[in-house]
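Reader: I would like a close look at one residue and the element that holds it, followed by the chains around it. Please keep it plain.

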Amino acid sequence: MVETAAAVKLIGAGLVVIGVGLGIGRIGGSAMDAIARQPEATNKIQTAMLIAAALIEGIGFAALFAV
Amino acid sequence: MHRLLRILFVLAVTSPLIVNANTHADEGHGGGPETELTPEKQREKNNEFVKHHTKDSHDFGVLVDESEDKHYGFPLPVILYDNGIHFFWSSAFEHGHKVVESNGLYYKLDAHDGKIYKTDEHGHVLKKVVIDEDTKEESLEELMPLDLSITKNVFIIFLMSILMFFLFRGIAKSYRTGLAPTGAAKFFEPIILFIRDDIAIPNIGEKQHKKYMVYLLTVFFFIWFLNLAGMTPLGINVTGNLAVTAALALCTFVITTFTAKKDYWMHIVWMPGVPVPMKIMLFPIEVIGMFVKPFALMIRLYANMLAGHIVLGALIAAVFFFDAFLAKGAFIGLTFFMNIIELLVALLQAYIFTMLTALYFGAAAAEGHH
Amino acid sequence: MDKLLGEFSIGLFFWQTVLFLALLFLLRKFAWKPILDAVNEREDKISGSLEEAEKMKVEMAALKASNEDLLKEARAERDLMIKDAKETASKMIEEAKEKAKVEGSKLLSSAKESINAEKAAAITELKTQVAAFSIEIAEQIVRAELSSADKQKAMADKMAEDINMN
């Protein structure tokens, strides 16, 4: 029973990590698109990208430490 | 100064190779018995190696010779608070082999978790009975004194603080002779200006940013320098400690809360621009958010740095786990690559921490523009 | 989460807070304030210098423009002067020519007059002289004609004949 609970926790954490990975990937991809479209706004886009990625990353860590 | 930085860079990049050399030397001394290690034993040893390198310790160990149980390094002072202050050098523990008597009380260092436990004179750990409030079950808990020792991490923080103080005071002094930057200022001035022009001003605003600059600059260079210190082959992992990042995040939280203007509290208590039921619903969410923000700051830095060190440690351990020449070469290459990535992460995490801190300050300092 | 709390070391937290706050205050006093002040001062200086340079540029442009104007004016004046001079010169030449013409014609006419007068005088004199000669000749002829009676008679005959014939 205890092992099942632990396994469920791990699977949940894995799901969260998959979600976080997809999210950060999307942010990165969109940022690349945006930079390709407007290279002169690279700095602003990068800053916004890092902030968004950092915020999503926080959720990932929360899931990992909840395990 | 530039030359010094170049040397530091080369040192940082080649650090795994130096660690390799050290570990290799250890194995060379081992001789007979060590060659008979089973893969399970080796794996355990590697685990121990990685864990040990990410942990704080009570002495500054550089090298451990396992075959002769010799430790190279130097001891650090131990300060305990347990019905009065106890002070002695960590060398007295002899790496967990000896019980230390101080003012009539006995202490022992656990070599595995690196913590100091209270014992009797024979080295048996003293325990007290704890009753679980929910289950009413009784369990025994080891007694530990309040440990305020100058550990390896505290020592490094102290060292880095001194370095930072003299470095930036030197830069400040260099401006007295002329307005153009000279020496180290040439390298650091663009970074200082970057923090002001690209982090503080866009997030906090032209008018308000001045009073936050001191904290932003200090926190950026503090994290960056300690991250870089972690890249040296001395096995330092300061920013990958929860206590360190918690203290930094707490500072951000305290400054945010105490410099917050009316607007900030309005947004938490009574969110403007949304219908009344939403206002009531948003209140608890905003209150939780207030605490989650610094919590995320703390966890992010801690987890990133710790993860980086674990990955590096694991890769270095893998170099010795495999015998094939090709595998060794591949893992050395991978370690080198990871080191460069970590060098980037060291800067990136400092930047993100500063950036998000500035963002929170900006929310606190904002004045009614809604 | 329990593991996370197990990692937390109160001693490290205490020292980190103390050292970090000490560093914060020391750096504020000895590093960031002077550095930021110096940088701000320099930026002010640079922007001030740039502004001044811009002002100088505008001033220079104005000066250049005024110079150009002055030059243009001078050129125009010069042109005007040359034109005036040319005009005066041509006028003078014209006048001189006119005068010369008038003078010439006057001279010519007076010369003509005097020539005419001389001519008239000459003619008159010639006439008088011719008359005198004629008279003398006639006298001599008459003397010759009338020197003999025959001749006087022939003459008278002839005259009578002429009258008869009429």
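Where does B:Ala296 lie?

Author: B:Ala296 lies in helix α8 of chain B; helices here are DSSP runs of H or I with at least four residues, strands are runs of E with at least two, and both are numbered from the N terminus. The model is predicted: local features need pLDDT of at least 70, side-chain atom pairs count only at pLDDT 80 or more, and totals for chains, interfaces and linings use all residues. Residues are numbered from 1 along each chain as its sequence is written, chains are lettered from A and ligands numbered from 1 in the order in which they are written, and side-chain values use heavy atoms, leaving out hydrogens and water.

With a relative accessible area of 16%, B:Ala296 is buried (under 20%; exposed is over 50%, partly exposed in between, with a 1.4 Å probe and protein chains only).

Helix α8 of chain B runs over residues 276–321, which is 46 residues. At 1.5 Å a residue (times one less than the number of residues) helix α8 should span 68 Å, and the 63 Å between its end C-alpha atoms agrees with that. The helix α8(B) bends by about 30° at B:Leu282, with the proline B:Pro284 following within four residues; the bend is the angle between axes fitted to the seven residues ending there and the seven starting there.

Next, the other chains. Chain A has two helices and zero strands. The radius of gyration of chain A is 16 Å, well over the 11 Å that the globule rule gives for 67 residues, so chain A is more spread out than a compact globule (C-alpha atoms; the rule is 2.2 Å times the number of residues to the power 0.38). The C-alpha trace of chain A spans about 55 × 15 × 5 Å along its principal axes, and 25% of its 67 residues are buried.

Chain C has three helices and zero strands, in the pattern α-α-α along the sequence. For its 166 residues the globule rule gives 15 Å, but the radius of gyration of chain C is 66 Å, well over that value, so this chain is also more spread out than a compact globule. Along its principal axes the C-alpha trace of chain C spans about 200 × 35 × 15 Å. Buried residues make up 11% of chain C.
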